[in-house]
Protein chains: 2
Amino acid sequence: MNDAAWIKRFEGLNRLPDAIKETLVKRSQVVTVPTGTKVFGPGLVPDNLLLLVEGTVKVSQTSESGREIVLYRVEAGQSCVLTTACLLAHEAYAAEGVAETDVTAVAIPRVVFDELAASSPQFRDFVFAAYARRITDLFRVIDEVAFGKIDVRLADRLVGLAGGSGELEVTHQQLATELGTAREVISRQLSEFQKRGWIRLSRGHVSLSDTPALERLAASA
Amino acid sequence: MNDAAWIKRFEGLNRLPDAIKETLVKRSQVVTVPTGTKVFGPGLVPDNLLLLVEGTVKVSQTSESGREIVLYRVEAGQSCVLTTACLLAHEAYAAEGVAETDVTAVAIPRVVFDELAASSPQFRDFVFAAYARRITDLFRVIDEVAFGKIDVRLADRLVGLAGGSGELEVTHQQLATELGTAREVISRQLSEFQKRGWIRLSRGHVSLSDTPALERLAASA
DNA sequence: ATGCGTGTGTGACTACGTCACCGACATTGC
DNA sequence: GCAATGTCGGTGACGTAGTCACACACGCAT
């Protein structure tokens, strides 16, 4: 019962009454999945709500034509809440989630989710706040795809993905997928960034040498 | 109590127990809003969930740059459910909803919504099913904007907007807004359709003369 | 008729996406 | 070591979509 520790990681869950916390801990299960695992996706009717304790899950969508775009990432302390809609509506899911790192998560079974939603206003708040966040993310994606310039979007993504180190191991194709564009477009844009001295390129590797410059470009959205 | 008639219009609400139906009818209010009214939007924290009995609400998003794109429409028998996330998460909403026609709707106050969510599994199902539908819509928009060709998207939209009559009163600019693109692009595309004999154009008016052709193009998504 | 606001047409240009292809590099098996 | 193979990245030519700067057409009010 003392692994209730994970609850602290989740913004909205602290406020839950102790009785509810207990149910949550007792009736859900801590699971770990290795990098690359498909957490949910078309054909997989999910029957758990996942709360990510550690790691990140990349949620992306693949169109009929086979092209792919990253919708958002679920980070530690967040939940795969959009799956709940399908979870309860028994619908197939158009997007798929893949573990980008080794992931530790708490899996809340459908029935438990439903009980909690019934019994705890705070839990409902938690769920709807998570929804609001994701939907906002989707709105942002639509805005960027529809109206954004790729140099700006790419700069933004590079900074976002690099984290503190300024080093990232990605292929041009992977970056193209992030933004839902073509590999060549990314290649050319990266060359341009390199020419300006903002990054250094090598096979499967990008290293940011002038992060502020990239941030400035990204900010000019 | 006999205006409970509207409940029948909503797919998921028929299954509600009578007691719940009664609460719903008693504690919500039928409202009518005229064409053009802003139903929700940035700066307006919504405190009602609207169930549309009659009319349609157009939900669109405007980017910082002032460009606009239509996200989806709420039709009779559906609900503005995405607002509930903000409703309960107390967040501002990035999108705005405008009554496209005179609208009759049932407004469920926040507290009633919360009570129903607590007390009725069927109501929760209804809400999450509505969510699933909207989210699916958003995914479709992303897919189309990112990977779709405008001729296809335009053909699809023309057919969708025209309804049975095959006549529609829209400016090229409005169609551009529908798809999140530029007026010139629409103008040229419409000219092309006209050249092929699929439509006839006049100021502020489009009349579909070969709907099947448009549908065929739209289907080749 | 004159003027004005809104809606539409057009050409030149830029940005992005597509296609076809080639060469560089890494890995594996020999 | 060398060759075979697969992945990754570079490049030119081209097509489609979005941008910019206009000019013109129509409807309405004065």
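Mentor: Let's begin with polar contact: a pair of N or O atoms within 3.5 Å, where, within protein, one must be able to donate a hydrogen and the other to accept it, and residues adjacent in sequence count only if both atoms are side-chain atoms. Between chain B and chain A, four residue pairs are in polar contact, both residues at pLDDT 80 or more. This is a predicted model, so local features need pLDDT of at least 70 and side-chain atom pairs 80 or more, while totals for chains, interfaces and linings use all residues. Residues are numbered from 1 along each chain as its sequence is written, chains are lettered from A and ligands numbered from 1 in the order written, and side-chain values use heavy atoms, with hydrogens and water left out.

Trainee: What makes R124(A) and D114(B) a salt bridge?

Mentor: The term needs a side-chain nitrogen of Lys or Arg within 4 Å of a carboxyl oxygen of Asp or Glu. Here the N to O distance is 2.9 Å, so the pair qualifies. The count between chain B and chain A is two salt bridges.

Trainee: Which element gives the most to the side of chain B that touches chain A?

Mentor: That's α4(B), with 18 residues. Overall, 40 residues of chain B are in contact with 41 of chain A, contact being heavy atoms within 4.5 Å.

Trainee: How do you know what area is buried between chain B and chain A?

Mentor: Take the accessible area (1.4 Å probe) that the two parts lose on being put together, summed over both. That comes to about 3400 Å², with carbon and sulfur atoms giving 72%. In chain B, F128(B), F139(B) and F147(B) lose the most, together 22% of what that side buries.

Trainee: Why is α4(A) called mostly covered?

Mentor: Buried means under 20% relative accessible area (1.4 Å probe, protein chains only), and 19 of the 27 residues of α4(A) are buried.

Trainee: What makes β2(B) and β6(B) a pair?

Mentor: Strands (DSSP runs of E, at least two residues) pair if DSSP finds at least two bridges between them. β2(B) and β6(B) have two, so they pair, in the antiparallel sense. F40(B) stands opposite G97(B) in β6(B).

Trainee: Why do β8 and β9 of chain B stand at the edges?

Mentor: The open antiparallel sheet runs in the order β8-β10-β9 (chain B). β8 and β9 each have a single partner strand, so one side of each is left without a neighbour in the sheet.

Definitions and conventions:
Helix = DSSP H or I, 4+ residues; strand = E, 2+ residues; numbered from the N terminus. Buried < 20%, exposed > 50% of the residue type's maximum accessible area, 1.4 Å probe, protein only.
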